[in-house]
Amino acid sequence: MSDLGLNAASPDVRDDPDGIVRVAIHGEVTEDRVRAVLGAIQRVAESGRDVLVLADVRHMGPVSAPVRKAVTEEMRGARIDAVAIIGASFSMRVIVALLAKGVQMLTGQPYPQQFFDTEGEAHTWLLARRDALRAGRRPGA
């Protein structure tokens, strides 16, 4: 795995040695932060790697309508192979599900995402998705 400088692109992003991109936004979610995070994730896609994201939203603030719009705009051209989300409240789950449906409608591409209570469960799911992608078959949800 090469150093893509993800942490320099966004302090909210960390590239783990196992190839999983960890995202943790603490506090206010702004359009600039979202664009920086998605830009860092885009670097992973452009490198040819699987784009597997573990998003920790336990300490994330509210997501305003302009931020949701920015996410949808930025996701139009993004490739994300799987997103595991930990710590999402009910309202966050609803927002993410709506965003995922919107992205799927705009891009025609699947947006596999799953919610988890623990980081261990999320990590295990992402590794299974990675193995399925590398084996060349469509991974199950």
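**Exercise 1. Describe how helix α3 packs on helix α4.**

Step 1: geometry. Helix α3 (residues 65–75) and helix α4 (residues 90–107) pack at about 35 degrees, with axes 9 Å apart. Axes here are lines fitted to C-alpha atoms, for helices over the stretch in contact, and angles run from 0 to 180 degrees between N-to-C directions. Helices (H or I, at least four residues) and strands (E, at least two) are DSSP runs, numbered from the N terminus. The model is predicted: local features need pLDDT of at least 70, side-chain atom pairs count only at pLDDT 80 or more, and totals for chains, interfaces and linings use all residues. Residues are numbered from 1 along each chain as its sequence is written, and side-chain values use heavy atoms, without hydrogens and water.

Step 2: handedness. The crossing of α3 and α4 is right-handed (the near helix is turned clockwise from the far one by less than a right angle).

Step 3: residues. From α3 come R68, V71, T72 and M75; from α4 come I95, L99, V103, L106 and T107. Contact means heavy atoms within 4.5 Å.

**Exercise 2. Find the buried face of α4 and what it packs against.**

Step 1: length. α4 has 18 residues and reaches 26 Å from its first C-alpha to its last, close to the 26 Å expected at 1.5 Å a residue. The expected span is 1.5 Å times one less than the number of residues.

Step 2: burial. M92, I95, V96, L99, A100 and V103 are the buried residues of α4. Buried means under 20% relative accessible area, exposed over 50%, partly exposed in between (1.4 Å probe, protein chains only).

Step 3: the face. Seen down the axis of α4, its buried residues fall within an arc of 135 degrees, so they line one face of the helix. The arc is that of the directions from the helix axis to the C-beta atoms.

Step 4: both sides. The buried residues of α4 pack against α3, β4 (82–86) and β5 (113–116). The face turned away carries exposed F90, L98, K101 and M105.

Step 5: the end. G108 follows α4 and has a positive phi, near 75 degrees.

**Exercise 3. Which strands do the buried residues of α5 pack against?**

Step 1: burial. In α5 (residues 119–135), the buried residues are A122, H123, W125, L126, R129, R130 and A132.

Step 2: partners. The buried residues of α5 pack against β2 (20–24), β3 (52–56), β4 and β5.
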